[in-house]
Amino acid sequence: MAKVLVVDDAAFMRMMIKDILTKNGYEVVGEAADGQQAVEQYKELKPDLVTMDITMPEMDGITALKKIREIDPEAKVIMCSAMGQQAMVIDAIQAGAKDFIVKPFQADRVLEAIKKVLG
């Protein structure tokens with residue numbers, strides 16, 4: 001069972017992803033509301049996968065992604081974002097994101113991305 005860290009500044013978004021994951025056999029080992037918390041929790045929890053929002057206070061998702069990849073170059077991070085942030089998607093992929101899901105989340109797309117990334 002894969003361990004997942006869910007990162008989003010909106011609690012209800014974290015809850016939605018957590019719900020999709022737990023119903024499909026994934027274990028949500030941690031949640032973070034900003035990039036700084038995400039980096040700290042990554043070090044502590046060493047999850048198999050991270051779902052990371054791009055736009056967050058304190059530290060945005062792309063900066064957090066880069067910091068996590070400094071800690072663990074093999075880190076598997078799927079970026080999450082609202083519609084219309086194409087430039088950020090490109091930045092995220094260049095920074096090492098493995099995939100990208102768009103809000104509002106569709107359970108099948110979330111699961112497809114996770115299965116693809118975890119291989």
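Thr55 sits in the loop that runs between strand 3 and helix 3 (61-71). Between Thr55 and Lys115 there are 60 residues of sequence and 24 Å of space, C-alpha to C-alpha. Keep in mind that this is a predicted model.

Which residues of helix 5 are buried? They are Val110, Leu111, Ala113, Ile114 and Val117. These residues cover an arc of only 160 degrees around the axis, which means that they lie on the same side of helix 5. As background, an α-helix has 3.6 residues a turn, so residues three or four places apart point the same way. On the other side of helix 5, Asp108, Lys115 and Lys116 are exposed. What does the buried side pack against? The partners are helix 1 (11-23), strand 3 (49-53), strand 4 (77-81) and strand 5 (99-102). After helix 5 comes Gly119, with a positive phi near 60 degrees.

Phe12, Met15 and Met16 make up a nonpolar surface patch, and together they have about 320 Å² of accessible area. Of these, Met16 lies in helix 1 and is partly exposed, at 30% relative accessible area.

Now the salt bridges. How many does the structure hold? There are eight. In one of them, the side chains of Lys103 and Asp8 meet at 3.0 Å, N to O. That pair links distant parts of the chain, 95 residues apart: Lys103 is in the loop between strand 5 and helix 5, and Asp8 in the loop between strand 1 (3-7) and helix 1. Are these two buried or exposed? Both Lys103 and Asp8 are buried.

Glu31 and Lys18 form another salt bridge, at 2.8 Å, N to O. Glu31 is in strand 2 (residues 27-32) and Lys18 in helix 1, so this pair ties together parts 13 residues apart in sequence. Glu31 is partly exposed at 27%, and Lys18 is partly exposed at 32%.

Lys23 is exposed at 63%, while Asp19 is partly exposed at 37%. Lastly, salt bridges with shared partners join Asp99, Arg109, Glu112 and Lys116 into one network.

Note on methods. Residues are numbered from 1 along each chain as its sequence is written. This is a predicted model: local features need pLDDT of at least 70, side-chain atom pairs count only at pLDDT 80 or more; totals for chains, interfaces and linings use all residues. Side-chain values use heavy atoms; hydrogens and water are left out. Buried means under 20% relative accessible area, exposed over 50%, partly exposed in between (1.4 Å probe, protein chains only). Helices (H or I, at least four residues) and strands (E, at least two) are DSSP runs, numbered from the N terminus. The arc is that of the directions from the helix axis to the C-beta atoms. Contact means heavy atoms within 4.5 Å. Patches are made of residues with over 30% relative accessible area and no salt bridge: like charges are joined within 9 Å, nonpolar side chains (Val, Leu, Ile, Met, Phe, Trp, Tyr) within 5 Å. Accessible areas come from the Shrake-Rupley method with a 1.4 Å probe; for residues, only the protein chains shown count as cover. A salt bridge is a side-chain nitrogen of Lys or Arg within 4 Å of a carboxyl oxygen of Asp or Glu.
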